[in-house]
Amino acid sequence: MDTTTTVGVEAIPAPKFNLEAMEREVATLVASGTKDLEFELRKERIDPYRIDITKPFVEAEPMIAIDGSSVCTAGNISAIVGEAKSKKTFLTTALVASAIAYRFKNSQAFKNISNNITLNVLWLDTEQGEGHVRKVIDRINTITGVKRTNMEDSRLNVYALRELDPLERREVLYDALYTLKPNLVVIDGIADLQRDTNDLRESEALVGELMALSTQYNCHIICILHTNPGTDKARGHVGSALQRKAESVIYVHKVDDISIVEPQFCRNEPFERFAFRVNDEGIPYLTDLPLQSSDANSAVAETLSTYFGGNVDRKVLTNKIVELQGVSSDTARMRIARAIKSGTVIQEGNIVRLAVVPVVPVVQEPTVEPSQSEISYADCPRNFTDMEDECPF
């Protein structure tokens, strides 16, 4: 073993521990780790909503279709609006019952409604007492054919919530959705699920909540509410929010004893307007459109003729119909589109005109024979009489 000691070699000092450098390094690692964790958490939150076009997509079957046009599909909300006593609830019972009706001879179901007897329905009534709600059930069971069997229809669950406050009504909705898992939900009327229909925040929150529930439970929610008096606009901020967010908004109004149904806003192809009456047993049945309503087409043509002489820019006509008829711009556009489809009005570029331009009678001005004492010459700057020899040019 070599025991010699090297003389004259300076010993290398041990490195000093740098606490500040270590703290900086740890802080960098923590920040990097936190950033990675935050990234993963944010990505995890947005991933469920990303549309993956590589996955197969099946178009949703309509729960309610009118004349083959899809009106209500799963994961959406819709609205049935109308003036007071326009038979909104009667219409809704007819639509829902016709959709789940058993087809049999002498069925009272609306023939223009597509049929799917597998649907389960939840109906919440916030306005009527139990006696009137029982009439709703009886009406539905008559149309579906279940009343013939003297049995309860397990597909239909109806609740009367008149005595509850808005928050309690919403709690019943949550519990019913969770326990019953319905395909189709009717809330008659939706305004009673909030304290103030003119509260913007509350209205937007309620409609947003309904949209979320329809997605969560893969159902369709139909909301029934009134329109503002004298217009076709759904009442309050909740009505405005529904009109923006709904898959379909169906408008019903009365002419004498006939209720007219028309698509006010539709994301899908709109159905043709139709009409119904209610018979002595309280059952709605389809009927012909009244002649005086025949057509908003005639109203469009009359406006075009009276105010614009038979042709005008389509936007100008839209604004005029809004002004004269007190309807929304969408309704005015829809009425013009129908008039074009019916052939009452023709569109060429941006201009719409009457299919048959009215003949304006030409009024003949009475002719007055000039007197011998005063003759007018077109080339002469003044009148002169026959006492003058000539016209001074």
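**Briefing on the protein chain**

Val-26 is found in helix α1, which covers residues 19–46. The model shown here is predicted. The protein chain holds nine helices and 14 strands, and 11 salt bridges occur in the structure.

**The chain as a whole**

- Of the 393 residues in the protein chain, 39% count as buried.
- The accessible surface of the protein chain amounts to about 24,100 Å², and carbon and sulfur atoms contribute 54% of that surface.
- Among contacts in the protein chain with a separation of 6 or more, 60% are between residues 24 or more positions apart.

**A nonpolar patch on the surface**

- Leu-19, Met-22, Val-26 and Val-30 make up a nonpolar patch on the surface, and together these residues have about 320 Å² of accessible area.
- Val-26 has a relative accessibility of 41%, so this residue counts as partly exposed.

**Salt bridges**

- Side chains of opposite charge can pair when their charged atoms come close.
- Asp-138 and Lys-147 form a salt bridge in which the closest N and O atoms are 3.0 Å apart.
- Both partners are partly exposed: Asp-138 has a relative accessibility of 34%, and Lys-147 has a relative accessible area of 43%.
- A salt bridge also links Arg-335 with Glu-262, where the closest N and O atoms are 3.7 Å apart.
- Arg-335 belongs to helix α9 (residues 329–342) and Glu-262 to strand β9 (residues 258–266), so this pair ties together parts that are 73 residues apart in sequence.
- Arg-335 and Glu-262 are both buried.
- Within helix α8 (residues 314–325), Lys-320 and Glu-323 lie three residues apart, which is about one turn of the helix.
- The side chains of Lys-320 and Glu-323 meet in a salt bridge, with an N to O distance of 3.5 Å.
- Are Lys-320 and Glu-323 buried or exposed? Lys-320 counts as buried because its relative accessibility is 18%, under the 20% cut-off. Glu-323 counts as exposed because its relative accessibility is 55%, over the 50% cut-off.

- Strand β13 (residues 345–348) pairs with strand β14 (residues 351–354) in the antiparallel sense, over four bridges.
- Which residue in β14 is the bridge partner of Gln-347? The partner is Val-352.
- The hairpin of β13 and β14 has two residues between the strands, and Gly-349 in this hairpin takes a positive phi near 70°.

- Ser-240 is placed in helix α6, which runs over residues 236–245.
- With a relative accessibility of 18%, Ser-240 counts as buried.
- The side chains of Ser-240 and Lys-233 are joined by a polar contact of 2.8 Å.
- When neighbours within four places in sequence are left aside, Ser-240 is in contact with Lys-233 and Ala-234.

Methods:
Residues numbered from 1 in each chain as written. Predicted model: local features only at pLDDT ≥ 70, side-chain atom pairs only at ≥ 80, totals over all residues. Heavy atoms only, no water. Salt bridge = Lys/Arg side-chain N within 4 Å of Asp/Glu carboxyl O. Buried < 20%, exposed > 50% of the residue type's maximum accessible area, 1.4 Å probe, protein only. Pairing = 2+ DSSP bridges. Polar contact = N/O pair within 3.5 Å; in protein donor to acceptor, adjacent residues only side chain to side chain. Contact = heavy atoms within 4.5 Å. Patch = residues over 30% accessible without salt bridge, like charges linked within 9 Å, V, L, I, M, F, W, Y side chains within 5 Å. Areas by Shrake-Rupley, 256 points an atom, 1.4 Å probe, with all protein chains shown as cover.
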